[in-house]
Amino acid sequence: MARRQPLPGSAAGTIIAILAVVVLAADQFVKYLTITRLPEQKAVPVLGEFLQLYSIRNSGAAFSIGAGYTWIFTIALAVVACVIVWKAFSVRSRLWSVVLGALLGGVLGNLSDRVFREPGFPVGHVVDMISMPWMLPAIFNVADIFIVTGMISIALLIIAGLRLDGSRERDHAASDDAADADDSEVAPDVTGSESPHPTEAGS
């Protein structure tokens with residue numbers, strides 16, 4: 001089976017940008033509905049105890065960890081976003097484009113809250129609204145979903161050996177083995193050889 005051709009850099013960048021914008025827009029739209037339609041800090045059952053909506057402002061990370069150091073999370077999100085944009089220039093893989101685009105959108109979703117929401121830059125509170133008390137005590141949002149799934153997907157792509165350029169680790173290993181074999185075949189014989197006509201003593 002022939003390997004799929006890598007994407008042009010412009011195509012990969014377009015996929016990342018479009019997905020990031022779509023995820024960011026979805027996240028902010030859900031947060032807008034949460035602020036305007038849901039009562040604060042009151043559970044609204046959707047599927048009983050399985051899924052609930054619960055509007056809350058979070059100044060920390062998951063499980064409200066680090067609530068007094070909101071600015072650190074703002075810096076961390078900004079750094080992650082910059083790294084993704086930087087890596088986007090070397091992406092030629094469709095899977096990597098999709099994963100990085102979704103992850104970038106999630107990061108920008110929460111970063112927007114840190115920058116633009118009360119109490120202000122850079123300590124804005126993130127709007128959370130999704131609660132699944134049977135599974136997690138934490139309340140999260142759409143951006144969190146894409147961040148978590150994006151990080152898991154990156155780990156799986158690395159384990160699978162898929163590189164940003166679309167090649168695979170096993171292909172490079174096979175190429176290296178073939179190159180080593182070729183080198184050994186053309187290497188000169190430095191051990192010496194017997195003369196085909198040895199000189200007889202006492203002739």
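A: Let's start with one side chain. Phe50 is partly exposed, since its relative accessible area comes to 42% in this predicted model. Trp134 is partly exposed too, with a relative accessible area of 48%. Why look at these two residues? A search through the whole structure turns up one aromatic pair. The ring centres of Phe50 and Trp134 are 5.0 Å apart and the planes meet at 15°, so this pair counts as stacked. Phe50 belongs to the loop between β1 and β2, while Trp134 belongs to the loop between β3 and β4, so the pair ties together parts that lie 84 residues apart in sequence.

Four strands make up an open sheet, running in the order β1-β2-β3-β4 with antiparallel pairing. At the edges you'll find β1 (44-45) and β4 (139-140); each has a single partner strand, so one side of each has no neighbour in the sheet. Strands of a sheet, in general, pair through backbone hydrogen bonds, which can be parallel or antiparallel. Here, β1 pairs with β2 (residues 52-58) over two bridges, in the antiparallel sense. Pick out Val44, for instance, and its bridge partner in β2 is Leu53. Packed on the sheet is helix α4 (residues 142-160), which touches β3 (126-131) and β4. The direction of α4 makes about 80° with that of β3.

Now slide along β2 to Asn58, a residue of that strand. Asn58 has a relative accessible area of 10%, under the 20% cut-off, so it is buried. The C-alpha atom of Asn58 is 6.3 Å from that of Val127, although 69 residues separate the two along the chain.

Helix α1 (residues 9-37) has 29 residues and spans 42 Å from its first C-alpha to its last, close to the expected 42 Å. Several of its residues are buried, among them Ala12, Ile16, Val23 and Asp27. The cover over the buried residues of α1 includes β2, β3 and α4, along with α2 (70-88) and α3 (94-116).

One last thing to keep in mind is confidence. The protein chain has a mean pLDDT of 86, with 80% of its residues at 70 or more. Residues 198-203 fall below 50, and beyond near neighbours in sequence that stretch makes zero contacts in the model.

How values were computed:
Residues are numbered from 1 along each chain as its sequence is written. Side-chain values use heavy atoms; hydrogens and water are left out. Two strands pair if DSSP finds at least two bridges between them. Contact means heavy atoms within 4.5 Å. Axes are lines fitted to C-alpha atoms, for helices over the stretch in contact, and angles run from 0 to 180 degrees between N-to-C directions. Rings of Phe, Tyr and Trp (its six-membered ring) pair if their centres lie within 6.5 Å; planes under 30 degrees apart count as stacked, over 60 as edge-to-face and the rest as tilted. Buried means under 20% relative accessible area, exposed over 50%, partly exposed in between (1.4 Å probe, protein chains only). The expected span of a helix is 1.5 Å times one less than its number of residues. pLDDT is the predictor's confidence in each residue, from 0 to 100.
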